[in-house]
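Trainee: I would like to learn how to read a structure I have not seen before. Please take me through one.

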Amino acid sequence: MSPRESPLRTQVQAAHLALTFLTTLPLPHIREVREGDFARASAYYPLAGYAVGGGVSLLLWLGLPLPGGVVAALGVGGWLLLTGMLHFDGLVDSADALFAVKTPAQRLEILRDLHMGAFGLAVGALALLTLWSLLAAPIPAYAPLVAAVAARTALLLPMNLYPAARAESLGARSREGRWGVALLLAAPTLLLPGAGVAWLAALGAALLVARFAAGRLGGGLSGDVFGMIVVCAELAALCAFAWGR
């Protein structure tokens, strides 16, 4: 941080970076990313959850005169569009690596491979089908908003509990975010009916996926695994809403 730069401006820039990194919102391009910027930005991940989940929730709330399956398909498309498929890509790449019968070092190399394998295809298709089914179910219109915010907040726990699988990676630079800021931003979602159980489901899924992934990668987590954690935590939170109906 420059000596002349105020703490408030630094935090505003961190929030901006979080939104430009995790969403496809048409925000001004960030010209320079400095040391520590990604770590500061992780505290504002819930803002991206509001943007992504809020967009899908708005679609459900509108009550379009279309079959439920079509609305759910539009919701899946909107979810992927608003995230730029960032987390979905991490899910697919992580599945190819984590389920391979290889050594931890070899799995880390698979994570670098841009090609999709059978594991990634199967897990990706299953995740999309599950998301579609949940959006077509009789869940509250605000459920996607809660799920998206809870998942991105819950991600901070494994991000900071586990070391980085690769020290030079973007995932490593995003660790050590400020928990207090994230929780404060996400807290309003807990006021919605059923949100408490959804939050617990998201947190439980995040920790389970992180533990499994760390065991397969030699103890650390990568940025792709962070994407997998977000997707699994979102689905778990939506399942909690569907189960409670």
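Mentor: Start with helix α13. Its 21 residues should span 30 Å at 1.5 Å a residue, and its end C-alpha atoms are 30 Å apart, so the two agree. The expected span of a helix is 1.5 Å times one less than its number of residues. Helices (H or I, at least four residues) and strands (E, at least two) are DSSP runs, numbered from the N terminus.

Trainee: What kind of model is this, and how are residues numbered?

Mentor: This is a predicted model, where local features need pLDDT of at least 70, side-chain atom pairs count only at pLDDT 80 or more, and totals for chains, interfaces and linings use all residues. Residues are numbered from 1 along each chain as its sequence is written, and side-chain values use heavy atoms, with hydrogens and water left out.

Trainee: Is α13 largely enclosed or open?

Mentor: Buried means under 20% relative accessible area, exposed over 50%, and partly exposed in between (1.4 Å probe, protein chains only). In α13, 16 of the 21 residues are buried, so this helix is largely enclosed by the rest of the structure.

Trainee: Which residues does leucine 203 touch?

Mentor: Leucine 203 belongs to helix α12 and touches Ala154 and Leu157, residues up to four places away in sequence not being counted. With a relative accessible area of 30%, leucine 203 is partly exposed.

Trainee: Is threonine 153 buried or exposed?

Mentor: Threonine 153, in helix α8 (residues 143-154), has 0% relative accessibility and therefore counts as buried. Not counting residues up to four places away in sequence, threonine 153 touches Pro46, Trp179, Ala182, Leu183, Ala186 and Trp199.

Trainee: How many helices and strands does the whole protein have?

Mentor: The protein has 13 helices and zero strands. Of its 245 residues, 47% count as buried. Among contacts between residues at least 6 apart in sequence, 77% join residues at least 24 apart.

Trainee: What does the radius of gyration say?

Mentor: The radius of gyration is taken over C-alpha atoms, and the globule rule is 2.2 Å times the number of residues to the power 0.38. For 245 residues a compact globule would have a value near 18 Å, and the protein has 18 Å, which agrees. Along the principal axes, the C-alpha atoms fill a box of roughly 55 × 50 × 30 Å.

Methods. Contact = heavy atoms within 4.5 Å.
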